[in-house]
Structures are given as structure tokens and as C-alpha cells.
Amino acid sequence: MSSAREIAVIVGAGHAGAEVVAALRQNAYAGRIILIGDEAELPYRRPPLSKNYLSGEASRESLLIRSAAAYDKLEVECWIGTQVLAIDRVKKNILLSDGRIQAYTKLVLATGGRPRKLPDPAADKSNVHYIRTLADIDRLQSGFAKGKHLLVIGGGYIGLEAASVGIKNGLQVTVLEAAPRVLARVAAPEISAFYERAHRTRGVDVRTGISVQAFHGEQQVEAVQLSDGSELQVDLVIVGIGIVPNDELARSAGLEVNNGIVVDTFARTRDSDILAVGDCANHVNGFLTRLIRIESVPSAQEQGRTAAHSICGKDIPHVAVPWFWSDQFDLKLQMVGLSQGYDRLVLRGDLASESFSAFYLRNGIVLSVDAVNRPQDFMVAKRMVAERVQVDPQALADESISLKSLLPAA
Ligand SMILES: Cc1cc2nc3c(=O)[nH]c(=O)nc-3n(C[C@H](O)[C@H](O)[C@H](O)COP(=O)(O)OP(=O)(O)OC[C@H]3O[C@@H](n4cnc5c(N)ncnc54)[C@H](O)[C@@H]3O)c2cc1C
């Protein structure tokens with residue numbers, strides 16, 4: 001039971017932070033709740049930044065996770081535009097960018113991550129962009145115009161999503177991926193090939209195994225020299241080469257940090273009054289039974305709920321199965337589980353029809369699934385992964401056999 005004298009301070013007003021505050025109240029947390037964020041906005045949804053907000057279809061307001069009135073109703077104080085500079089674990093307080101010091105009973109670090117930057121200082125120009133915040137999109141939108149040549153560096157989800165919006169908005173788009181294929185870290189070669197083909201047939205110039213050797217231009221990058229010796233004229237560059245977890249606050253406070261803030265399956269650091277959730281947390285996932293840092297909205301929300309439970313004295317381990325989605329052109333990809341260690345890929349449906357599911361198996365057990373334009377398959381796939389269902393690969397590939405019938409009887 002919490003008392004009204006307690007103070008829960010959440011650092012980072014993103015997906016995870018927004019979930020923690022709501023889940024605290026849902027679990028009858030009686031103390032004061034303060035949500036602190038260094039961006040100028042109340043928590044908003046980030047996925048549209050490389051999708052329908054970038055294309056201009058979604059309004060700014062539609063991105064908000066909840067309204068200011070909803071936070072008032074939850075009795076959550078939102079201190080936006082405020083950065084937390086340091087944690088004093090002995091005195092149990094934090095130092096804010098406006099000079100104030102705020103005490104806490106429980107502190108939740110939900111600080112997310114920041115884009116990994118290109119190391120070359122010549123790329124530090126006003127038309128080279130990274131996509132993480134609304135402010136990033138505001139900065140790039142005026143140059144994101146019909147007929148311009150957009151160079152996307154990085155063939156991961158964010159880069160490919162930005163490329164697809166670029167084509168939709170009439171830009172000329174080139175994607176450069178240094179690895180031999182796009183999505184190399186997360187998808188099977190067959191799925192990478194599918195996405196490369198899908199982008200090329202829709203007008204994207206996808207180049208793999210190629211990197212930028214030099215950036216040319218004074219105020220702006222005007223051309224890039226590529227590793228195959230060719231040169232490209234560009235108007236705009238979007239870089240999507242991953243993120244770096246914001247774990248410096250924890251590190252300076254002497255907490256364990258290793259590719260993110262290390263926490264247990266209850267979202268606690270070794271200091272049981274400090275928890276960490278979301279993109280910044282290298283957490284023990286009870287389903288995967290190992291430490292992992294996951295960058296996805298569902299994971300940030302699940303971890304947020306785990307932290308709220310822990311604070312409210314109801315220790316419930318974090319056992320969520322990771323899942324994610326990506327929208328490119330008219331292709332809605334939904335993924336569940338992690339494919340690492342798979343020994344067989346089974347396709348259900350036809351790649352050419354752009355509606356299929358790819359099942360990653362190990363010893364016949366479903367490890368993960370990528371479903372493209374197959375929401376019904378995805379619902380069943382989630383159960384298959386969560387329940388570690390063993391399947392007959394032939395039956396899985398046979399569309400005349402219902403996917404549901406391959407689940408064990410309830
Ligand atoms: C363009 C884009 C597209 C994406 N698409 C998808 C998708 O389709 N599906 C999906 O599942 N996931 C997607 N993601 C990933 C998803 O958005 C993240 O996993 C999620 O935002 C993580 O939430 P978080 O709260 O941990 O971090 P964030 O949402 O990054 O929030 C952290 C907040 O903390 C603030 N902060 C950091 N340090 C401090 C400090 N010292 N003081 C105060 N505030 C601080 C940051 O500025 C930020 O506002 C996408 C991400 C991006 C950028």
C-alpha cells in the first residue's frame with residue numbers, strides 16, 4: 001500500500017513514462033506523481049513521426065497519448081520542458097535544469113534513447129536529419145518537398161518508412177544500406193529481399209553493401225561520395241542508423257549500465273527505489289529469460305506497467321512477448337517474438353501477392369513471425385510464439401489448413 005506522503009517521480013515523458021503514471025493510478029497509488037520531460041510536448045506517439053505525420057496526413061494533436069485534462073484527472077503533475085540533470089541517491093532527490101531540487105520516494109527512469117549520429121563532422125549540416133522527436137520532423141518538413149532528392153542512410157525500419165513516405169510525397173529517394181541487405185539485423189534474407197523488391201518496384205533506388213565515404217557541401221550537404229566510387233547529388237539526408245540509450249543519469253548515479261540501464265524482471269535497478277523502463281532499460285524479460293533492450297511501443301508500455309506494479313507492492317514479473325509493427329507503402333508488417341537462432345523459415349502465402357506470413361522455427365517450435373498484410377495470421381501467431389507451439393512445417397505452409405487448428409487444444 002502506498003501512502004499520500006510518497007512521491008513517484010518519472011523522468012522522461014515518452015511512451016513508457018506516460019504508461020507508468022496511468023498504471024500507478026490504476027493500481028491505487030495514493031502518493032504524488034510527477035512526470036518530467038525535456039521535450040516541449042506532453043507525451044506523444046512516436047511511430048507516426050516516420051509514417052503519417054511525416055507524410056502530413058496526421059495532425060500534431062492526434063499524436064498526443066492523452067490530453068492535459070486527462071493528466072489533471074489522474075492527478076499527475078506534468079513538468080514538460082524540464083531536464084533532470086542528476087540524481088542524489090543518498091538524499092533521494094533529483095536536480096532539475098531550472099535549478100530546483102525535487103525529492104522522490106520512487107524514481108522511474110524512462111529516458112528513451114537518442115539517434116546514433118554519423119561520426120563524420122562533414123555530415124553535421126542543416127539538411128542532414130535524424131528522426132526521433134516532433135521537433136526533428138518540424139525541422140525537416142520544409143525541405144521534404146516534391147521533386148527533391150532524399151538520401152536515406154540506413155535500411156532499417158525507420159529509414160525504409162521514411163523512404164516510402166518520400167515516394168508517396170513525390171520525392172526522388174535513394175536508400176543506402178552498408179550491410180549486404182536491408183533489415184539485416186531483424187529479418188530473414190527472404191524478407192529483406194521482399195522489402196528491397198517492394199521498395200524498388202515503387203521507385204526507391206535501394207543500394208546495399210554501400211556506404212558514404214564523404215559528404216560535400218558548405219552550408220548543406222549537396223553531394224555524397226559513395227564507397228563504390230560513384231557520387232550522388234542530394235537535397236536532403238535522413239539518417240536512421242539506430243539509437244543510443246539515454247543511460248547517463250543512471251551511470252552518473254553509480255547504477256549498473258550496460259547497453260542501457262540494467263534492471264531485473266520487476267524493472268528495478270540494484271537500488272530498489274530506482275526503476276527503469278522502455279528504450280533506456282536493459283531488462284530481464286521473463287519470457288526470453290535474459291537481459292534485453294527492446295525498442296518498441298508495446299514493450300515500453302508493458303515495462304511501464306511492470307514498474308507501476310512494483311512501486312505499488314505487487315511484484316509481477318515482466319514476461320511480455322516482444323512485438324512491433326512497421327508501415328511501408330501499403331505493406332503493414334507485424335512482428336512477434338525474436339528470430340535469433342531459427343533453423344527454418346516457413347512461408348504461408350505468396351510473397352508476390354504481398355500478403356504472407358513468415359514463421360521462424362527452431363526444432364519445429366515457433367520463435368517469431370513476420371506477418372505482411374495478414375492481421376488475422378498475426379493474432380494466431382502471437383499465441384503460437386507465446387505458447388512456444390510446435391508445428392508441422394508442411395501444415396503451416398498449407399493455406400487450406402486453418403492456422404488456428406495448429407494451436408494446441410485449449
Ligand atoms: C520514427 C520512429 C518510428 C517508430 N516506429 C515504431 C513502430 O512502428 N512500432 C513500435 O513499436 N515502435 C516504434 N518506434 C519505437 C518507439 O517509439 C520507442 O520504442 C518508444 O518511443 C520508447 O518509449 P520510451 O518512453 O522508452 O522512450 P521515448 O519515447 O524516447 O521517451 C523518452 C523521453 O524522455 C526524455 N528524456 C530523456 N532524458 C531526459 C532527462 N534527463 N530529463 C527529462 N526528460 C528526458 C526524452 O527527451 C523523451 O521525450 C519508433 C520510433 C521512432 C523514433
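The UniProt annotation "domain: FAD/NAD(P)-binding", from an unreviewed entry, covers residues 9-304; UniProt positions are given in the numbering used here, feature names are shortened, and annotations may be inferred rather than shown by experiment. Over residues 9-304, the chain is 22% helix and 28% strand, with the end C-alpha atoms 13 Å apart. Helices (H or I, at least four residues) and strands (E, at least two) are DSSP runs, numbered from the N terminus. The model is predicted: local features need pLDDT of at least 70 and side-chain atom pairs count only at pLDDT 80 or more, whereas totals for chains, interfaces and linings use all residues. Residues are numbered from 1 along each chain as its sequence is written, and side-chain values use heavy atoms, with hydrogens and water left out.

The ligand is surrounded by 34 residues, a residue being near if one of its heavy atoms lies within 4 Å. The closest are D38, E39, R46, K51 and R132. By class, this shell comprises 15 nonpolar, 12 polar and 7 charged residues; Ala, Val, Leu, Ile, Met, Phe, Trp, Tyr, Cys and Pro count as nonpolar, Asp, Glu, Lys and Arg as charged, and the others, Gly among them, as polar. At least three residues of the shell come from each of domain 1 (7-114 + 243-311) and domain 2 (117-239), with bounds taken from an automatic or database domain assignment.

Polar contacts are pairs of N or O atoms within 3.5 Å. An oxygen atom of the ligand lies 2.5 Å from an N or O atom in the side chain of E39. Backbone atoms also take part: a ligand oxygen is 3.0 Å from a polar backbone atom of S296, and a ligand oxygen is 2.9 Å from a polar backbone atom of V297. Taken alone, the ligand exposes 1000 Å², of which the protein buries 95%; accessible areas come from the Shrake-Rupley method with a 1.4 Å probe. Two or more shell residues are given by each of α1 (15-26), β2 (32-37), α7 (297-311) and β22 (323-328). Helix α7 gives the most, with 3 residues.

For "domain: Reductase C-terminal", also in an unreviewed entry, UniProt lists residues 323-407. This span is 20% helix and 42% strand, and its end C-alpha atoms lie 19 Å apart.

The structure holds 6 aromatic pairs, in which ring centres of Phe, Tyr or Trp (its six-membered ring) lie within 6.5 Å; planes under 30 degrees apart count as stacked, over 60 as edge-to-face and the rest as tilted. Y157 and F324 form a tilted pair, 5.2 Å centre to centre with 40° between the planes. Because Y157 lies in helix α4 (residues 157-168) and F324 in strand β22, the pair ties together parts that are 167 residues apart in sequence.

Terms used. Polar contact = N/O pair within 3.5 Å; in protein donor to acceptor, adjacent residues only side chain to side chain.
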